[in-house]
Amino acid sequence: MNTPLRPDPTRVESQANSNVNSQGGGGHMQQPLRPRRNASTSQSTNVSTQTTGSKPVTDVAVPTNTRSFNSTSVNADHRQQPANDESSREDTVIGAHSYKVHGSKAALDIKCVEHMKDSEKHLVDREGNRAVFHTIRLEAASICSGQSRSYKWHESVMLRLTRNELPLFIGVCFGLLTKIKFSNHGMFNDKGKYFIVEHQTTHLFITLGQPKDSAANPNEAYKSVPVCLPDALEIGLKALSQYCRNHPHLDSMTVLDQIKTMCGIYSSTGFHEVIDKLPMLR
């Protein structure tokens, strides 16, 4: 009976050593391959390799959340509007929004505006700035008969506050003065428009008027609107914001402190109300 041939141990050992040396193992046996990680987690896995002796040691930090992030689906949900979209174009053209107060007999509209004298329209300083005065415009309209919250804006009274009137208007809105009234508003020879702002403790009372012969309806020559204190605060802050734009190098608190000082001087000398002209202290 024939005996099966056994492999030569020296020959097998020399063959194994030649395979290890050809793969750069430095005389050591090749480490078994680790199973490949999932493709969804391999991108977010931090791997750091250190060398201990001649055997590589690998530290793997596995995140707690291994779900893959699909950026394509997010971009699809948050696509930007095209540049020629009509709605976005209108938003950029609207300009400053106004603040409206609706009453039972009339409504008031306050809007930020700019004014520049005709004689100064072509004058520019060394920094490229023009002599623009930032102020507010008041507009009041009577309510339409038999209709709620519908007003005759085509028959409104409209006027713009001057440099002297704007800080006093802010003072009344904040309760620093009791009342102001200024007349002679209007264009050219039609300067019969006027406005009255009175602080009545729990609310403001704002009136805009014009001569009866200039009004579309003589019975509606003036329009009065009660303004609650929260609305008065909003209007006062809107006016203060505009006034601060005329002094860009000063912060709003400094500007407000100066208005408080001015109103305090008037009040301490008996001028709680300013009617048509500024008090002249002697």
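**Notebook: strands, salt bridges and a helix pair**

I note here that the model is predicted.

**Entry: the sheet around β6**

Next I looked up the sheet that holds this strand. It is an open sheet of 4 strands, in the order β3-β4-β5-β6, and the pairing is antiparallel. Which strands are at the edges? They are β3 (99–102) and β6 (157–160), each of which pairs on one side only.

I then went to the partner of β6. Strand β5 covers residues 133–142 and runs antiparallel to β6, with 4 bridges joining the two. I picked out L138, whose bridge partner in β6 is L159.

What lies across β5 and β6? I found helix α5 (residues 165–173) there, running at about 60 degrees to β5.

**Entry: salt bridges**

How many salt bridges does the structure hold? I count 4.

D109 forms a salt bridge with K100, and the closest N and O atoms are 3.1 Å apart. I checked the accessibility of both partners. D109 has 5% relative accessibility, so D109 counts as buried. K100 has a relative accessible area of 42% and is therefore partly exposed.

The next pair is R137 with E139. Their closest N and O atoms are 3.7 Å apart. Is E139 buried or exposed? E139 counts as buried, because its relative accessibility is 10%.

The cut-off for buried is under 20% relative accessible area. E220 is at 19%, so E220 counts as buried. K152 is at 18%, so K152 counts as buried too.

I stayed with E220 for its other contacts. Leaving aside neighbours within four places in sequence, E220 is in contact with S142, K152 and E155.

**Entry: α6 against α7**

I moved on to a helix pair. Helix α6 (residues 229–245) packs with helix α7 (residues 252–268) at an angle of about 105 degrees, and their axes are 10 Å apart. That angle makes α6 roughly perpendicular to α7.

Which residues meet? From α6 I list L240, Y243 and C244, and from α7 S252, V255, L256 and I259. I sorted this contact by class. The contact of α6 with α7 has 6 nonpolar residues, 1 polar residue and no charged residues.

**Entry: positive phi**

I ended with backbone angles. N184 is not a glycine, although its phi is positive at about 60 degrees. Where is N184 placed? I find N184 in strand β7 (residues 179–187). N184 has a relative accessible area of 60%, so N184 is exposed.

T201 is not a glycine either, and its phi is positive at about 70 degrees. I place T201 in the loop between β8 (190–199) and β9. T201 counts as exposed because its relative accessibility is 65%.

Definitions and conventions:
Residues numbered from 1 in each chain as written. Predicted model: local features only at pLDDT ≥ 70, side-chain atom pairs only at ≥ 80, totals over all residues. Heavy atoms only, no water. Pairing = 2+ DSSP bridges. Contact = heavy atoms within 4.5 Å. Axes fitted to C-alpha atoms, helices over the stretch in contact; angles between N-to-C directions. Salt bridge = Lys/Arg side-chain N within 4 Å of Asp/Glu carboxyl O. Buried < 20%, exposed > 50% of the residue type's maximum accessible area, 1.4 Å probe, protein only. Parallel < 35°, antiparallel > 145°, perpendicular 65-115°, else oblique. Nonpolar A, V, L, I, M, F, W, Y, C, P; charged D, E, K, R; others polar.
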